[in-house]
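Please look over the sequence and the model shown here before turning to the notes that follow. They are grouped by topic.

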Amino acid sequence: MRRPPRVVRAQRLTIVNGILLVVTLIVVLQLWLLTATMNAYLGGDTSIVMPAALASLACFGLNLGLLRYLMRLG
Amino acid sequence: MIPRAGKEPAVADRLVTPPDGAPYEAQPRWRHDFPIDAAQDDYVSRRELAKFIVLTSAAFAAGQFWIVLKSVRATLSPPRALRIAAHNEVPVGGAKVFRYPEGSTPRLLVRTGEASYVAYDQQCTHLLCPVVPDVASGRLHCPCHNGWFDLHTGQVLAGPPQRPLPRVVVEVRDDGVYATGVEERTT
């Protein structure tokens, strides 16, 4: 059975940069979510508070998974 | 440290990776004196940045749950009815500033008729200046930036405010006027 080719340094760098980009995008999404939720909550709309919190938690979980992958990559 | 040409590198030295990946013998002389593990050099700062961004992500998620906590607390303990004025305290066309619930931002009670009252947050939704009632024209005026609100609905009529004034629900009872709730609104 053939072993998968080893990821060379340049490829690893691309992966790391890609992960950084995705993680940053997710954080920007979370920032938008927090702003929108705060605006709705202060306006008396509490119906979206819980779904938004769960969505933000899911984003954090995704980020944590990506960070874990990044740590294992080296 | 990268060993000189012809010498067998020690175990620790073999862990050091030159950036071009060429054998030790092919490395320039200066690199023998300043060995840098290129792989580590590239990845450490990026990992640190990723850790920081994920920490920010955790802070945002915590912020969301803080809002949930505040929302649940407000639902479990709604403010109780509070007597805010006696009937003879506010003349028709007059107004009174009160706080409901205790410790809140100032609210404004306006008597629009013999038995009709309206109450709103006193702070303009633009930049929090106090609004002034004008019962004759049926409007509330914010003198700071010339914002106008409808006295009977609290909706924006003109000026820079984008949101209506939060409305305090009032109830007229025999012994006076009571505030029973606050209606926050975005539209």
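**Briefing on the predicted two-chain model**

Across the interface of chain B and chain A, zero salt bridges are found. The model is a predicted one, and the contact between its chains draws 28 residues from chain B and 37 residues from chain A. The area buried between chain B and chain A comes to about 2900 Å², with carbon and sulfur atoms giving 72% of that area.

**The interface**

- Six residue pairs are in polar contact between chain B and chain A, counting pairs with both residues at pLDDT 80 or more.
- On the side of chain B that touches chain A, the residues divide by class into 15 nonpolar, six polar and seven charged.

**Chain A**

- The secondary structure of chain A consists of two helices and zero strands, and 32% of the 74 residues in this chain count as buried.
- Helix H1 of chain A, covering residues 9-42, has 34 residues and spans 49 Å from its first C-alpha to its last, which is close to the 50 Å expected at 1.5 Å a residue.
- Just after this helix, A:Gly44 adopts a positive phi of about 90 degrees.
- Where contacts in chain A join residues at least 6 apart in sequence, 69% of them link residues at least 24 apart.

**Chain B**

- Chain B contains three helices and ten strands, and its order along the sequence is α-α-α-β-β-β-β-β-β-β-β-β-β.
- Of its 187 residues, 37% count as buried.
- Among the contacts in chain B between residues at least 6 apart in sequence, 36% join residues at least 24 apart.

**Two buried loop residues in chain B**

- B:Gln27 sits in the loop between helix H1 (11-14) and helix H2 (29-33) of chain B, and B:Gln27 counts as buried because its relative accessibility is 5%.
- The side chain of B:Gln27 reaches the backbone oxygen of B:Ala22 at 3.1 Å.
- B:Thr125 is placed in the loop between strand E4 (117-121) and strand E5 (132-134) of chain B, and B:Thr125 counts as buried because its relative accessibility is 18%, under the cut-off of 20%.
- Leaving aside residues up to four places away in sequence, B:Thr125 touches B:Phe149, B:Pro161, B:Gln162, B:Arg163, B:Pro164, B:Leu165 and B:Pro166.
- A polar atom of the B:Thr125 side chain lies 2.6 Å from the backbone oxygen of B:Arg163.
- The C-alpha atoms of B:Thr125 and B:Cys142, which are 17 residues apart along the chain, are separated by 9.6 Å.

**Salt bridges**

- Over all chains, the structure holds six salt bridges, among them the pairs described below.
- B:Lys51 forms a salt bridge with B:Glu48, with the closest N and O atoms 3.8 Å apart.
- Because B:Lys51 and B:Glu48 are three residues apart in helix H3 (residues 38-76) of chain B, about one helical turn separates them; B:Lys51 is partly exposed at a relative accessible area of 39%, and B:Glu48 is partly exposed at 44%.
- The side chains of B:Glu114 and B:Arg111 meet in a salt bridge at 3.8 Å, N to O, in which B:Glu114 is exposed with a relative accessible area of 63%, whereas B:Arg111 counts as buried at 8% relative accessibility.
- A salt bridge also joins the side chains of B:Arg173 and B:Glu171 at 3.0 Å, N to O; B:Arg173 counts as partly exposed at 32% relative accessibility, and B:Glu171 counts as partly exposed at 35%.

Note on methods. Residues numbered from 1 in each chain as written. Chains lettered and ligands numbered in written order. Predicted model: local features only at pLDDT ≥ 70, side-chain atom pairs only at ≥ 80, totals over all residues. Heavy atoms only, no water. Contact = heavy atoms within 4.5 Å. Buried area = accessible area lost by both parts, 1.4 Å probe. Salt bridge = Lys/Arg side-chain N within 4 Å of Asp/Glu carboxyl O. Polar contact = N/O pair within 3.5 Å; in protein donor to acceptor, adjacent residues only side chain to side chain. Nonpolar A, V, L, I, M, F, W, Y, C, P; charged D, E, K, R; others polar. Helix = DSSP H or I, 4+ residues; strand = E, 2+ residues; numbered from the N terminus. Buried < 20%, exposed > 50% of the residue type's maximum accessible area, 1.4 Å probe, protein only. Expected span 1.5 Å × (residues − 1).
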